[in-house]
Amino acid sequence: MSSGGPNWEGLFKWSVAHSDGTRPTRNLSEEDRKWFMEAMQAQTVDVIKRMKEITMVMQTPEQVLESQGVTAGDIEDMLDELQEHVESIDMANDLHSIGGLLPLLNYLKNSHANIRAKAADVVTTIVQNNPRSQQLVMEANGLEYLLSNFTSDPDVTVRTKALGAISSLIRHNKPGITAFRLANGYAALKDALSSDNSRFQRKALNLIHYLLHENSSDCNAVNELGFPRIMMHLAASDDAEVREAALRGLLELAQDKEDGISSRLAEDDDKLKQLLQERISGISLMSPEDLGAAREERDLVDSIWNACYNEPSSLREKGLLVLPGEDEPAPPPDVASRHFEPPLRAWAAADASKGSDAQKSKPPLLLGPGPPPDAALREENADVQRNL
């Protein structure tokens, strides 16, 4: 144990000795009280004060920090700490109030790739399910910085992290989606799909799926840009998550019908049918363990076949669509956002969900006005997204 840290063993023994019921209660001496308070305060962090200190560092020119012996690794560690603090939505919004948001966004242009990537991670946490911070980042031209890194950074990790931040920034954010479209966002997504980095491909496919699911009119743009053929190619990927993400996008296109006819994939009907037949053959050769893991892929292949050809796929006839012990498949869910949700907020969403289920049988207690609309929206969004 570090000599500078609190004496946890001593604190534990002291607590047991004074609360095990074997000794009569007594008033603490001033010395004991002082020792106890110092031990507890050693582990108490003033988050706002600490965020102000981090902000001061972020505002300091890079060359000054280097002259004082501060390394890129030190900055990364500092950003890691900041990300923990802004898991709280209140702290995320307070970062702007104390002047820390703009310096953080400037780190997206830092000369060190790891710092650019980590800064995007922090932005992702700040804007996740947080309309107020989404607005603040948009007003500070944060989307412009992120798009620049997403489209042109030489480091694929930086590009991937920037895309993750964009996805969180524009989710349930109509001005953000509009700005993304106007900035040629779909062309950038198409370029991302041509990458050989599977994680980058998955994030791009997940955002495409979300955008198509929320705005069916975008299917026109996606079709004109040639996305269907790229998605078909990726639906045959060796990476199972890339395959599933590509199939989800294809299903959105297949379900977008004009005059009752699925027109988005009509030009590539032969290629699509061949792809689906190959996936059915591949699924047929899977081991029982792999079949269980491929539940979503099986559902997606059958759903696309049904949407395009108005009949179930042969997976159902072969008994591979619903395995023994499985329930009938539900419509494929919107899972794009699950890759962008900070863990503490996901935990909070699950906890809130359990609490709401427990209260359904009880009449509501009308103790005051309900939560403001933005808080209600965050709770609803977090509950829907619970599932990287």
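The largest nonpolar core of this structure has 87 residues, and those with the most contacts inside it are L79, L82, L104, F150 and L189. A nonpolar core is here a set of buried Ala, Val, Leu, Ile, Met, Phe, Trp, Tyr and Cys residues joined through side-chain atoms within 4.5 Å. The model is predicted: local features need pLDDT of at least 70 and side-chain atom pairs count only at pLDDT 80 or more, while totals for chains, interfaces and linings use all residues. Residues are numbered from 1 along each chain as its sequence is written, and side-chain values use heavy atoms, with hydrogens and water left out.

**Terms for burial and helices**

- A residue is called buried under 20% relative accessible area, exposed over 50%, and partly exposed in between (1.4 Å probe, protein chains only).
- Helices are DSSP runs of H or I with at least four residues, numbered from the N terminus.

- Contact means heavy atoms within 4.5 Å.
- With its neighbours within four places in sequence left aside, L79 is in contact with M58, L104, Y107, I115, K118, A119 and V122.

**Salt bridges**

- The whole structure contains 17 salt bridges, each defined as a side-chain nitrogen of Lys or Arg within 4 Å of a carboxyl oxygen of Asp or Glu.
- One of them joins the side chains of K161 and D121, at 3.2 Å from N to O.
- K161 belongs to helix 11 (residues 156-170) and D121 to helix 8 (residues 113-127), so this pair ties together parts that are 40 residues apart in sequence.
- Both K161 and D121 are buried.
- E297 and R243 form another salt bridge, with an N to O distance of 3.1 Å.
- This pair links distant parts of the chain, 54 residues apart, with E297 in helix 20 (residues 295-309) and R243 in helix 17 (residues 240-255).
- E297 is buried, as is R243.
- A further salt bridge connects R316 and D302 at 3.8 Å, N to O.
- Because R316 lies in helix 21 (residues 314-317) and D302 in helix 20, the pair ties together parts that are 14 residues apart in sequence.
- R316 is partly exposed at 38% relative accessibility, whereas D302 is buried at 5%.
- Salt bridges with shared partners also join D80, K118, D121 and K161 into one network.

**Helix 18**

- Helix 18 (residues 269-284) has 16 residues and reaches 22 Å from its first C-alpha to its last, close to the 22 Å expected at 1.5 Å a residue; the expected span is 1.5 Å times one less than the number of residues.
- Its buried residues are L272, L275, L276, R279, I280 and I283.
- These residues cover an arc of only 135 degrees around the axis, which puts them on the same side of helix 18; the arc is that of the directions from the helix axis to the C-beta atoms.
- An α-helix has 3.6 residues a turn, so residues three or four places apart point the same way.
- The buried residues of helix 18 pack against helix 16 (227-234), helix 17, helix 19 (288-293), helix 20 and helix 21.

**Loop residues with positive phi**

- H172 is not a glycine, yet has a positive phi of about 55 degrees.
- H172 is placed in the loop between helix 11 and helix 12 (174-182), and is partly exposed with a relative accessible area of 34%.
- N184, a residue other than glycine, has a positive phi near 65 degrees.
- The loop between helix 12 and helix 13 (185-193) holds N184, which counts as exposed at 54% relative accessibility.

Note on methods:
Helices (H or I, at least four residues) and strands (E, at least two) are DSSP runs, numbered from the N terminus.
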